[in-house]
Amino acid sequence: RYPTTLLIPPKSAPCLREILPPSITPHVHPKSAQPLPYSISFASPEKINAILTNPPHGKTVILMPGKQAIERAFVTYAESLECQDCTLFCQGFSGGQGRFQSEFASASGSAILLIIPWIFEGLELPLFCLDRLVIASLPFDSPVYPTIARRSLHYQDSFSQYSVPRLEQRLFRIIRTFCRF
């Protein structure tokens with residue numbers, strides 16, 4: 001119904017599929033090839049416990065699968081991290097988004113922020129404020145959410161044709177946000 005622009009980096013075009021129903025024809029603009037000034041690597045999920053047990057120096061954001069996982073991590077690791085002079089900020093436990101965002105940005109020494117991926121995309125931090133990003137699980141949309149359930153009806157195989165491309169786009173936005181910081 002409304003025109004939408006989706007910008008995809010040239011080297012990512014084969015990996016990132018458009019999230020459009022088959023009836024819509026996309027318009028592709030010419031590519032501009034510019035090398036990326038950074039590199040990104042992913043850690044295994046076992047590293048999360050290692051990071052929370054023995055925190056690295058600097059500021060780390062860990063994208064957790066949900067609020068229950070954040071709560072378990074807070075209960076399990078908050079006291080030991082405090083003893084190691086590492087500040088732990090958790091979504092839902094450290095005030096509202098504006099508060100934990102500003103306190104995390106101004107924290108001295110080691111700091112860890114536990115949030116869900118959807119909050120990370122809207123986070124505002126100063127440049128060069130973040131040292132590492134850890135993704136605990138792939139941030140799929142909930143298939144029971146009414147909008148997602150309705151949109152997925154346009155596809156024969158809603159998982160591979162709709163959910164996986166949306167996941168790819170979300171990962172792209174998460175990595176773009178990380179590189180912005």
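The following conversation discusses a predicted model of a protein chain.

Reader: How many helices and strands does the protein chain have?

Author: The secondary structure of this predicted model comprises 6 helices and 4 strands.

Reader: In what order do the elements run?

Author: Starting at the N terminus, the order is α-β-α-β-α-β-α-β-α-α.

Reader: At what angle do α1 and α2 pack?

Author: Helix α1, residues 46-53, packs against helix α2, residues 67-83, at an angle of about 35°. Their axes lie 9 Å apart.

Reader: Which residues meet there?

Author: From α1, the residues are Asn49, Leu52 and Thr53. They meet Ala73, Tyr77 and Leu81 of α2. The residues of this contact include 4 nonpolar and 2 polar ones, with no charged residue.

Reader: Turning to the surface, which residues form a nonpolar patch?

Author: Leu138, Phe140 and Phe159 form such a patch, and together they have about 290 Å² of accessible area.

Reader: Where is Phe140 placed?

Author: Phe140 belongs to the loop between β4 (132-135) and α5 (146-152).

Reader: And why does Phe140 count as partly exposed?

Author: Phe140 has a relative accessibility of 31%. Partly exposed covers the range between the cut-offs of 20% for buried and 50% for exposed, so Phe140 falls into that class.

Reader: What about the chain overall: how much of it is buried?

Author: Of the 181 residues in the protein chain, 35% are buried. The accessible surface of the chain comes to about 11,900 Å², and carbon and sulfur atoms account for 56% of that surface.

Reader: What share of the contacts with a separation of 6 or more joins residues 24 or more positions apart?

Author: Such residues account for 71% of those contacts in the protein chain.

Terms used:
Residues numbered from 1 in each chain as written. Predicted model: local features only at pLDDT ≥ 70, side-chain atom pairs only at ≥ 80, totals over all residues. Heavy atoms only, no water. Axes fitted to C-alpha atoms, helices over the stretch in contact; angles between N-to-C directions. Helix = DSSP H or I, 4+ residues; strand = E, 2+ residues; numbered from the N terminus. Contact = heavy atoms within 4.5 Å. Nonpolar A, V, L, I, M, F, W, Y, C, P; charged D, E, K, R; others polar. Patch = residues over 30% accessible without salt bridge, like charges linked within 9 Å, V, L, I, M, F, W, Y side chains within 5 Å. Areas by Shrake-Rupley, 256 points an atom, 1.4 Å probe, with all protein chains shown as cover. Salt bridge = Lys/Arg side-chain N within 4 Å of Asp/Glu carboxyl O. Buried < 20%, exposed > 50% of the residue type's maximum accessible area, 1.4 Å probe, protein only.
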